[in-house]
Amino acid sequence: MSTPLYGHDEAIAFFRDSLDGGRLHHAWLLSGPEGIGKALFAAKAALRVLAGGQGRVDAPGLDVPDSHPAAKLVAAGSHPDLMTLERLPKENSSSGELARSITVDQVRGLQRLFATTASLSPWRVVIIDSIDDLERNAANALLKNLEEPPPHSLFLLVSHASERLLPTIRSRCRQLRLSLLDDDAMTSALQAALPEAEPAEIAELRIAGHGSPGRALAFRGLDIAALEQAMEAIAREGDPTNARRVALAQGLTAKSAQPRYEAFLARAPSLVAAIAKERRGEALAEALRIWEKTQALASSARGLSLDVESVVFEIGGLLAGLATSSAPRR
């Protein structure tokens with residue numbers, strides 16, 4: 001049974017309107033936060049286009065019956081008119097570690113798809129997940145395909161940070177931004193992914209995921225509730241002796257705590273944003289300044305491999321600043 005796509009009703013309707021009206025652009029940039037279903041949207045859109053090219057498909061949205069010949073070929077990874085580019089496992093890596101980027105040779109390999117006519121329908125479809133991972137030469141090679149697309153070709157480009165892409169690539173795509181899921185869609189997505197989970201766990205993951213099922217699932221088993229309580233205690237009550245910050249930092253520095261540290265970096269800005277919504281006037285302005293600093297530090301910590309203990313302690317100080325800024329002035 002194919003994986004359902006939750007949320008994104010407007011994006012689905014927009015894509016279907018273009019497809020059904022014969023106005024399907026040759027390249028779509030599917031952007032938005034990580035873990036919200038962009039790759040699944042691309043996969044479903046690709047299958048819908050390929051299946052529809054073989055005849056009428058009686059299913060809503062981007063769905064295609066599992067019994068459809070195109071669906072069977074895609075599920076088996078053998079559809080001749082579909083290629084997916086993604087980071088490959090590193091050579092001689094027993095752990096399955098992925099290469100840092102999608103290479104120019106992978107992009108040049110698309111010519112095998114376009115060297116002959118489509119096999120089962122007029123369409124040939126390329127999914128790139130994600131285009132953020134293209135090395136520079138690969139991006140330039142792809143640009144040639146986007147500038148002079150072969151007839152009945154469709155490029156579905158997944159991006160978590162579309163503002164960082166080459167402007168020449170963005171300008172040749174129709175951008176379709178997918179948003180964070182609302183609570184109902186999050187609950188449905190998590191229940192489908194974790195059918196054995198208790199309602200309390202689903203609720204906890206929904207809050208922790210902040211609109212991203214992928215992020216929520218990555219947080220499973222990390223006792224996010226305790227992490228949230230520790231952060232909120234600092235933000236609401238302060239930390240005049242630094243004891244809470246020290247305890248939080250010490251609990252996240254071990255190598256085995258790396259997943260919880262990643263959760264901390266993801267959740268700290270969200271906690272500040274939630275508290276900011278409760279405030280008005282100068283208290284709101286100060287909370288927004290703290291959010292900007294927290295967001296910037298959390299983002300740079302991932303990319304620059306900053307010292308974990310120092311990052312946690314500094315973000316803890318920013319959280320404590322929320323308590324100070326909310327205290328009544330005398």
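Biologist: Leaving aside its neighbours within four places in sequence, which residues is Ser162 in contact with?

Modeller: Ser162 is in contact with Leu29, Ser31, Arg170 and Gln175. Contact means heavy atoms within 4.5 Å. This is a predicted model, where local features need pLDDT of at least 70 and side-chain atom pairs count only at pLDDT 80 or more, while totals for chains, interfaces and linings use all residues. Residues are numbered from 1 along each chain as its sequence is written, and side-chain values use heavy atoms, with hydrogens and water left out.

Biologist: Where does Ser162 lie?

Modeller: Ser162 lies in the loop between β4 (153-159) and α7 (167-170). Helices (H or I, at least four residues) and strands (E, at least two) are DSSP runs, numbered from the N terminus.

Biologist: Buried or exposed?

Modeller: Ser162 counts as buried, at 11% relative accessibility. Buried means under 20% relative accessible area, exposed over 50%, and partly exposed in between, with a 1.4 Å probe and protein chains only.

Biologist: And Ser31, what does that one touch?

Modeller: Not counting residues up to four places away in sequence, Ser31 touches Lys38, Ser159, Ser162, Leu176, Arg177 and Leu178. Ser31 lies in strand β1, residues 27-31. Its relative accessible area is 3%, so Ser31 is buried.

Biologist: Let's step back to the whole chain. How many helices and strands?

Modeller: The secondary structure comes to 15 helices and 5 strands. The C-alpha atoms fill a box of roughly 75 × 45 × 40 Å, taken along the principal axes.

Biologist: What share of the residues is buried?

Modeller: Buried residues make up 43% of the 330 residues in the chain. The accessible surface comes to about 17400 Å², and 50% of that belongs to carbon and sulfur atoms. Those areas come from the Shrake-Rupley method with a 1.4 Å probe; for residues, only the protein chains shown count as cover.

Biologist: What about contacts between residues 24 or more positions apart?

Modeller: They account for 69% of the contacts in the chain with a separation of 6 or more.

Biologist: Helix packing next. At what angle do α11 and α13 pack?

Modeller: Helix α11 (residues 224-237) and helix α13 (residues 258-276) pack at an angle of about 45°, with their axes 10 Å apart. Axes are lines fitted to C-alpha atoms, for helices over the stretch in contact, and angles run from 0 to 180 degrees between N-to-C directions. α11 and α13 are therefore oblique to each other. Angles under 35 degrees count as roughly parallel, over 145 as roughly antiparallel, 65 to 115 as roughly perpendicular and the rest as oblique.

Biologist: Which residues meet there?

Modeller: From α11, Ile224, Ala226, Leu227, Glu228, Met231, Glu232, Ala235 and Arg236; from α13, Arg260, Ala263, Phe264, Arg267, Ala268, Leu271 and Ile275. By class, this contact of α11 with α13 has 10 nonpolar, no polar and 5 charged residues. Ala, Val, Leu, Ile, Met, Phe, Trp, Tyr, Cys and Pro count as nonpolar, Asp, Glu, Lys and Arg as charged, and the others, Gly among them, as polar.

Biologist: And α8 with α9, how do they cross?

Modeller: The axes of α8 (residues 183-193) and α9 (residues 199-209) come within 10 Å and cross at roughly 125°. α8 and α9 are therefore oblique to each other. On the α8 side are Asp183, Met186, Thr187, Leu190 and Gln191, which meet Ile202, Leu205, Arg206 and Gly209 in α9. The residues of that contact divide into 4 nonpolar, 3 polar and 2 charged.

Biologist: Backbone now. Where is the peptide bond that is cis?

Modeller: From Asp129 to Ser130, with omega near 0°. Ser130 is found in the loop between β3 (124-129) and α6 (136-147).

Biologist: What is the phi of His8?

Modeller: His8 has a positive phi of about 65°, although it is not a glycine. His8 lies in the segment before α1 (9-20), and is buried, with a relative accessible area of 10%.

Biologist: And Asn242, what is phi near there?

Modeller: Phi of Asn242 is near 70°, a positive value in a residue other than glycine. Asn242 sits in the loop between α11 and α12 (243-252). At 28% relative accessibility, Asn242 counts as partly exposed.

Biologist: Last one, Val308. Which helix does it lie in?

Modeller: Val308 lies in helix α15, residues 308-326. The C-alpha atoms of Val308 and Tyr261 are separated by 7.9 Å, and the two are 47 residues apart along the chain.
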